[in-house]
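Trainee: Could you show me how to read the core and the ring pairs of a protein model?
Mentor: Happy to, let's look together.

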Amino acid sequence: MDGLKTYTVGPSSAKQAILFIYDIFGYFDQTLQGADILAYSDKEHPYQVFMPDFFEGKPADVSWYPPDTPEKKEKMGAFFSGIAAPPKTVERVPKIVKAIENQYSAIESWGVVGYCWGGKIVSLTSQQGTPFKAAAECHPAMVDPNDAKGVTIPLLILASKDENPEDVKNFEKNLNVKCHVETYPDQVHGWMAARGDLEDPKVKSEYERGYKRLLTFFHEHL
């Protein structure tokens, strides 16, 4: 879509669509599984889900996280100032939505969900003029309470134990829309995407609970 490889899942007859903005590690199994869950979990309410490859086959290496050495910090910094610079992606989002709509005529309304880095993109694309009716952020990165002031659509935030709780609290305080903010206090940043260790029963349980919460939210607002 718009020149990007895009993972597409869900029945083409579904009238609601979700743009799925992955984390910095790109197409991980746990992340792709999350898109499948959103698309097919509720037979009465399926979604078309689209996950563009914003990093064009060059995501961050999972070994860079956490960036606890000078070398890792350097690599992560270069990544965030290069292909993962938020303004570059924010600019592409409306074009991608339009390109998808041109190919999938059944779509009547859109939601968006972002993970880690994708959460920042969601904050910035949920402002005035957004193509989305509802938005969700899972363990968002770069949480800036100032971004919340411009959000114009209902927003769900599922935070982990690793986000700065004050930033999350102040972000919620600055929202002027219907919102629900929930923290999963024993889960790491990334548990619903690439860093989710689904071999761990507790993580798997909270991963599943998180996706159920997403579905409930989108059912309500799309």
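Mentor: We will go through the nonpolar core, a helix residue and the aromatic rings of this predicted model.

Trainee: How many residues does the largest nonpolar core have?

Mentor: A core is a set of buried nonpolar residues joined through side-chain atoms. Here the largest one has 69 residues, and L19, L38, V113, Y115, L214 and F218 have the most contacts inside it. Helix 7 (residues 201-221) gives the most to this core, with 6 residues. Take L214: leaving aside neighbours within four places in sequence, its contacts include L38, V113, Y115 and M192.

Trainee: Is E206 buried or exposed?

Mentor: Buried means under 20% relative accessible area. E206 has 7%, so E206 is buried. This residue sits in helix 7 and touches Y184, D186, Q187 and W191, not counting residues up to four places away in sequence.

Trainee: And which kind of aromatic pair do F55 and F79 form?

Mentor: Ring planes over 60 degrees apart count as edge-to-face. The planes of F55 and F79 are at 70 degrees, with centres 5.0 Å apart, so this pair is edge-to-face. The two residues are 24 apart in the chain: F55 lies in the loop between strand 3 (48-52) and helix 2 (70-81), and F79 in helix 2. F55 is buried at 0% relative accessibility, and F79 is buried at 6%.

Trainee: Which residues do ring pairs link into a cluster?

Mentor: The cluster is made of Y22, Y27, F54, F55, W64, F79, F80 and W117. In total, the structure holds 17 aromatic pairs.

Technical notes
Residues are numbered from 1 along each chain as its sequence is written. This is a predicted model: local features need pLDDT of at least 70, side-chain atom pairs count only at pLDDT 80 or more; totals for chains, interfaces and linings use all residues. Side-chain values use heavy atoms; hydrogens and water are left out. A nonpolar core is a set of buried Ala, Val, Leu, Ile, Met, Phe, Trp, Tyr and Cys residues joined through side-chain atoms within 4.5 Å. Buried means under 20% relative accessible area, exposed over 50%, partly exposed in between (1.4 Å probe, protein chains only). Helices (H or I, at least four residues) and strands (E, at least two) are DSSP runs, numbered from the N terminus. Contact means heavy atoms within 4.5 Å. Rings of Phe, Tyr and Trp (its six-membered ring) pair if their centres lie within 6.5 Å; planes under 30 degrees apart count as stacked, over 60 as edge-to-face and the rest as tilted.
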